Amino acid sequence: MNQKISHGLLKQENIQAVYVSNEANIRYFSNFTGTNGALLLTKKRGYLFTDARYLLAAKKVLPPSFGLIDISKGFENPWKKLLKKYHIRKLGIEASNLSHA
C-alpha cells in the first residue's frame, strides 16, 4: 500500500479510513486484480475484502501491510468488526464509484 498517499488522503479529508471499490484503485493500492474485491484503508493497514475464489491469488500479491478478509459468508459482519476495531466514525468513499445518499 502506498502509505504516504493513503495517510495524506485521510489527513487532508479529515477521515479515519477510506472505502475503495473501483477496480483500478484496488489494483493500485493492493496489487489485487480479481473482479470481486473492496478495500478498507486505515492509517496503518489496508484490508482486502474478497470471496473464496480469490483468496489464494490475493495472498500472493498483497503487500505485507494488508490483511485479507474472506467475505464468502457475507460482508456485513467482517466490515462491522473492522470499523469497531479502529473506532471508525468518519469514512471516506469513492463517490463516483458508489451509490450513496
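**View 1. Arg53 and Asp51 meet through their side chains in a salt bridge.** Welcome to a predicted model, in which local features need pLDDT of at least 70 and side-chain atom pairs count only at pLDDT 80 or more, while totals for chains, interfaces and linings use all residues. Residues are numbered from 1 along each chain as its sequence is written, and side-chain values use heavy atoms, with hydrogens and water left out. The N to O distance between Arg53 and Asp51 is 2.8 Å; a salt bridge here is a side-chain nitrogen of Lys or Arg within 4 Å of a carboxyl oxygen of Asp or Glu. Arg53 is exposed at 59% relative accessible area, whereas Asp51 is buried at 13% (buried means under 20% relative accessible area, exposed over 50%, partly exposed in between, with a 1.4 Å probe and protein chains only). The whole structure holds 2 salt bridges.

View 2. The closest N and O atoms of Glu76 and Lys80 are 2.8 Å apart. Helices (H or I, at least four residues) and strands (E, at least two) are DSSP runs, numbered from the N terminus. Lys80 is partly exposed, with a relative accessible area of 47%.

**View 3. Phe32 and Tyr54 form an edge-to-face aromatic pair.** The structure has 8 aromatic pairs. In this one, the ring centres are 5.7 Å apart and the planes stand at 90°, so the pair counts as edge-to-face. Rings of Phe, Tyr and Trp (its six-membered ring) pair if their centres lie within 6.5 Å; planes under 30 degrees apart are stacked, over 60 edge-to-face and the rest tilted. The pair links distant parts of the chain, 22 residues apart: Phe32 sits in the loop between α2 (23-30) and β2 (38-41), and Tyr54 in the loop between β3 (46-50) and α3 (55-61). Phe32 is buried at 3% relative accessibility, and Tyr54 is buried at 18%.

**View 4. Phe75 and Trp79 form a stacked aromatic pair.** Their rings are 5.3 Å apart centre to centre, with 20° between the planes. Phe75 is partly exposed at 29% relative accessibility, while Trp79 is buried at 14%. Together with Tyr19 and Phe49, these two residues make up one aromatic cluster.

**View 5. Five strands build an open sheet with mixed pairing.** The strand order is β4-β3-β2-β1-β5, and two strands pair if DSSP finds at least two bridges between them. At the edges, β4 (66-70) and β5 (91-93) each pair on one side only. Between β2 and β3, which run antiparallel, there are 4 bridges, and Leu41 stands opposite Gly46 in β3.

**View 6. Leu39, Leu41 and Leu48 have the most contacts inside the largest nonpolar core.** This core has 14 residues; a nonpolar core is a set of buried Ala, Val, Leu, Ile, Met, Phe, Trp, Tyr and Cys residues joined through side-chain atoms within 4.5 Å. The elements giving two or more residues to it are β1, α2 and β2. Not counting residues up to four places away in sequence, Leu39 touches several neighbours, among them Val18, Ile26, Phe29, Leu48 and Phe66 (contact means heavy atoms within 4.5 Å). A second, separate core of 12 residues includes Tyr19, Leu40, Phe49 and Ile88.
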